[in-house]
Amino acid sequence: MTRRSLDRAAEGIGHVSPNPLVGCVITSRNGEIVGEGTYIYDNLIHAEAIALEKAGEKARGGTAFVSLEPHDHHGKTPPCTEALINAGIARVVCPIEDPNPLVSGRGFETLRKAGVDVVTGLLADEAARLNEQFICWHQKKRPFVHLKLAMSLDGRISLGKSVSTAISSEAAGVRVQDLRHSHDAILVGGNTAAVDNPSLTDRSGKKRRRPLVRVILDNRLRTSVDSIVASTTAAAPTIIFTNSEDGRKIDELTEKGVSVIVSETGARDLKFVLESLRQMDIQSVLVEGGTEIAGAFVDARLIDKVTLIAAPFIVGGHTAPVAIGGNGARSLETALHLNDLFVENVGRDVVLTGYPSF
Ligand SMILES: NC(=O)c1ccc[n+]([C@@H]2O[C@H](COP(=O)([O-])OP(=O)(O)OC[C@H]3O[C@@H](n4cnc5c(N)ncnc54)[C@H](OP(=O)(O)O)[C@@H]3O)[C@@H](O)[C@H]2O)c1
């Protein structure tokens with residue numbers, strides 16, 4: 001049932017940020033499922049409340065399986081702890097505490113004080129992974145950064161720095177759209193914006209609460225005013241970070257609806273970039289390259305997750321850009337090591353996902 005509560009929670013992907021994914025399953029005294037709910041930000045009703053409403057009187061003496069600690073404070077909605085207690089729930093099974101330090105542990109405490117049996121820790125790793133973006137947001141006080149690159153087997157991401165190359169298969173392309181769907185923003189470097197002229201949109205076909213925000217790190221303002229990202233700002237926001245003093249280009253881009261954020265350090269200051277995005281309530285950023293941008297994030301250790309999509313061919317040569325540039329590691333000890341590596345075949349490609357071990 002805990003897994004089922006995580007599945008319910010996952011149905012909220014694309015609809016909850018900057019809040020957490022929460023799912024709830026209620027079973028009656030005799031173990032029958034009598035109510036289920038998924039939290040959706042815009043519906044202003046929490047997963048527990050939806051499940052309790054469906055369960056009605058059958059919830060009395062039953063168990064609530066909740067994917068994240070029920071909240072105990074009066075926010076936009078009344079406390080879920082109160083609703084569970086008033087409904088006569090006898091037991092709450094919940095894998096993890098809320099990571100928000102202001103409320104963490106309080107929900108469990110209130111439930112226990114009211115005589116509810118609280119069981120924690122079951123499927124805790126899975127529950128934490130499910131809410132990895134929300135947890136990072138509260139613990140690191142910045143957006144979750146997920147680096148994703150498509151490469152050849154010898155780690156090349158295109159045929160040349162000024163060449164746009166479609167590396168992934170169609171099946172892997174579908175996976176990429178799903179990744180975009182589960183993030184608040186997508187980020188690329190100025191050269192990728194100039195060379196690829198990408199649209200950087202969520203084409204998963206799934207509904208989302210807020211449009212995917214497009215972020216470009218571009219000190220020399222190489223992003224053209226006629227580019228797709230500058231011409232489609234009515235459909236999805238585009239933000240450019242720069243230290244350029246080219247007032248005319250800035251005005252032209254601004255007229256097209258692009259938000260140009262000019263600062264002294266410009267796009268090179270990744271902490272400033274992430275802090276600016278945090279202030280816009282952006283909880284997660286999918287970094288899609290190219291080489292230099294990936295290298296900058298790796299060098300700064302500002303990465304929470306890595307997805308590499310390897311296509312079954314070798315490019316070779318000395319000019320095709322490698323996946324990760326930057327300064328690189330001077331020893332294997334200081335290389336970026338990945339934990340919990342997960343390898344899957346997607347179409348003809350291999351998708352590797354891992355978590356940096358620092
Ligand atoms: N296969 C894939 O997954 C994939 C994905 C994306 C791109 N690509 C390919 O990668 C190639 C482009 O890679 P690239 O390395 O030349 O370009 P890039 O990483 O997209 O952009 C590099 C430029 O970004 C600017 N920049 C701004 N802030 C930066 C920061 N904090 N750190 C580093 N650079 C920063 C720098 O120019 P300024 O100082 O002028 O701003 C730098 O020259 C193209 O061939 C493209 O098709 C492949």
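In which strand is the place of Lys 148? Lys 148 sits in strand E6, residues 144-152. Strands (E, at least two residues) and helices (H or I, at least four) are DSSP runs, numbered from the N terminus. The structure is a predicted model, in which local features need pLDDT of at least 70, side-chain atom pairs count only at pLDDT 80 or more, and totals for chains, interfaces and linings use all residues. Residues are numbered from 1 along each chain as its sequence is written, and side-chain values use heavy atoms, with hydrogens and water left out.

Lys 148 has a relative accessibility of 8% and counts as buried. Buried means under 20% relative accessible area, exposed means over 50%, and partly exposed lies in between (1.4 Å probe, protein chains only). Contact means heavy atoms within 4.5 Å. Neighbours within four places in sequence aside, Lys 148 is in contact with Val 176, Leu 179, Leu 286, Val 287, Glu 288, Gly 289, Thr 307 and Ile 309.

Glu 288, one of these contacts, also forms a salt bridge with Arg 180. A salt bridge is a side-chain nitrogen of Lys or Arg within 4 Å of a carboxyl oxygen of Asp or Glu. Here the closest N and O atoms are 3.0 Å apart. Arg 180 lies in helix H7 (residues 170-181), and Glu 288 in the loop between strand E11 (284-287) and helix H12 (291-299), so the pair ties together parts 108 residues apart in sequence. Both partners are buried: Arg 180 has a relative accessible area of 8%, and Glu 288 has 14%.

The whole structure holds 22 salt bridges. Side chains of opposite charge can pair when their charged atoms come close. Arg 4 and Glu 36 pair at 2.8 Å, N to O. This pair also links distant parts of the chain, with Arg 4 in helix H1 (residues 2-10) and Glu 36 in strand E2 (residues 33-38), 32 residues apart. Arg 4 is partly exposed, at 34% relative accessible area, whereas Glu 36 is buried at 17%. A network of salt bridges links Arg 4, Arg 8, Glu 11 and Glu 36.

The chain is divided into domain 1 (2-132) and domain 2 (142-356). These bounds come from an automatic or database domain assignment. Ten residues from domain 1 and 13 residues from domain 2 make the contact. The C-alpha centres of the two domains lie 35 Å apart.

The area buried between the domains is about 1000 Å², and carbon and sulfur atoms give 43% of it. Buried area is the accessible area (1.4 Å probe) that two parts lose on being put together, summed over both. Ser 17, Arg 129 and Glu 132 supply 46% of the area that domain 1 buries against domain 2, more than any other three residues.

Three salt bridges are counted between domain 1 and domain 2. Arg 209 forms a salt bridge with Asp 42, with the closest N and O atoms 3.4 Å apart. Lys 305 and Glu 132 also meet in a salt bridge, at 2.8 Å from N to O. Lys 305 lies in strand E12 (residues 305-311) and Glu 132 in helix H6 (residues 132-139), so the pair ties together parts 173 residues apart in sequence. Lys 305 and Glu 132 are both buried.
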